[in-house]
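Subject: Structure handover

Hello,

Here is the structure for you to look over. My notes on it follow below.

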Amino acid sequence: MTVTATTKQNVLAAGTVVRAPRYVNGKNTGLRKAVVLGLFNENDAKGGYRVYFYTLGPASFEPRTVGFAFPDEATVIGAIEDMSERTVINVYQGLGEFPGSAAVRYRLQRWGLRLRQARRAAR
């Protein structure tokens, strides 16, 4: 009987807020806040993440507000649930119908509705 060791990898969930470097034409433009949209390659957890740099405007490839972050470069700073209602709305609207963002948009929508209900109940 042979026992093989399996290694667990920490994979960031869609909707995790990270601080990651943004690359434009191969040049690092500095660390920016971003929301993880998912794995770059669904079959390879070490392959990196697709991220949306939400402070730079609507999600698009030109200008590059959606990019790639290597796992060792992304620093977790929170989750969607840590954002204010205004930021949640802005990120949701910024993602629009961007391909591959459905899981994050759904999570943003649910959290935004909870924040709205809490705000209205406090009146």
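Start with helix H1 (residues 85-95). What covers its buried residues includes strand E2 (27-39), strand E3 (49-52) and helix H2 (102-121). Contact here means heavy atoms within 4.5 Å. Helices (H or I, at least four residues) and strands (E, at least two) are DSSP runs, numbered from the N terminus.

Some ground rules. This is a predicted model, in which local features need pLDDT of at least 70 and side-chain atom pairs count only at pLDDT 80 or more, while totals for chains, interfaces and linings use all residues. Residues are numbered from 1 along each chain as its sequence is written, and side-chain values use heavy atoms, with hydrogens and water left out.

Helix H1 and its ends

The buried residues of H1 are Glu85, Val88, Val91, Gly94 and Leu95. Buried means under 20% relative accessible area, exposed over 50%, and partly exposed in between (1.4 Å probe, protein chains only). An α-helix has 3.6 residues a turn, so residues three or four places apart point the same way.

Ser84 sits in the loop between strand E5 (75-79) and H1. Ser84 is partly exposed, at 38% relative accessible area. Its side chain makes a polar contact of 3.0 Å with that of Thr87. (A polar contact is a pair of N or O atoms within 3.5 Å; within protein, one must be able to donate a hydrogen and the other to accept it, and residues adjacent in sequence count only if both atoms are side-chain atoms.) Ser84 and Trp111 are 27 residues apart along the chain, and their C-alpha atoms are separated by 9.9 Å. After H1 comes Gly96, with a positive phi near 55 degrees.

Cores

A nonpolar core is a set of buried Ala, Val, Leu, Ile, Met, Phe, Trp, Tyr and Cys residues joined through side-chain atoms within 4.5 Å. The largest one has 16 residues, of which Tyr52, Val91 and Leu95 touch the most other members. E2, H1 and H2 each supply at least two residues of this core. Which residues does Val91 contact, leaving aside its neighbours within four places in sequence? They are Val35, Tyr52, Tyr54, Met83 and Leu108. A second, separate core has 10 residues, among them Leu39, Val51, Phe53 and Ala74.

Salt bridges

There are 3 salt bridges. The criterion is a side-chain nitrogen of Lys or Arg within 4 Å of a carboxyl oxygen of Asp or Glu.

- Glu81 and Arg107: the closest N and O atoms are 2.9 Å apart. Glu81 lies in the loop between E5 and H1 and Arg107 in helix H2, so the pair ties together parts 26 residues apart in sequence. Glu81 is partly exposed, at 29% relative accessibility.
- Glu85 and Arg119: 2.8 Å, N to O. Glu85 is in H1 and Arg119 in H2, so this pair ties together parts 34 residues apart in sequence. Glu85 is buried at 19%, whereas Arg119 is partly exposed at 39%.
- Arg105 and Glu97: the closest N and O atoms are 3.4 Å apart. Arg105 is buried at 15%, whereas Glu97 is exposed at 69%.

Aromatic pairs

The structure holds 3 aromatic pairs. Rings of Phe, Tyr and Trp (its six-membered ring) pair if their centres lie within 6.5 Å; planes under 30 degrees apart count as stacked, over 60 as edge-to-face and the rest as tilted.

Phe61 and Phe98 have ring centres 5.3 Å apart and planes at 55 degrees, so the pair is tilted. Phe61 lies in the loop between E3 and strand E4 (66-69) and Phe98 in the loop between H1 and H2, so the pair ties together parts 37 residues apart in sequence. Phe61 is partly exposed at 49%, whereas Phe98 is buried at 10%.

Phe68 and Phe70 form an edge-to-face pair, at 4.8 Å centre to centre and 90 degrees between the planes. Phe40, Phe68 and Phe70 form one aromatic cluster.

Backbone points

The peptide bond from Glu62 to Pro63 is cis, with omega near 0 degrees. Pro63 is in the loop between E3 and E4. Asn25 is not a glycine, yet has a positive phi of about 55 degrees. Asn25 lies in the loop between strand E1 (16-24) and E2. Asn25 is exposed, at 77% relative accessibility.

Best wishes
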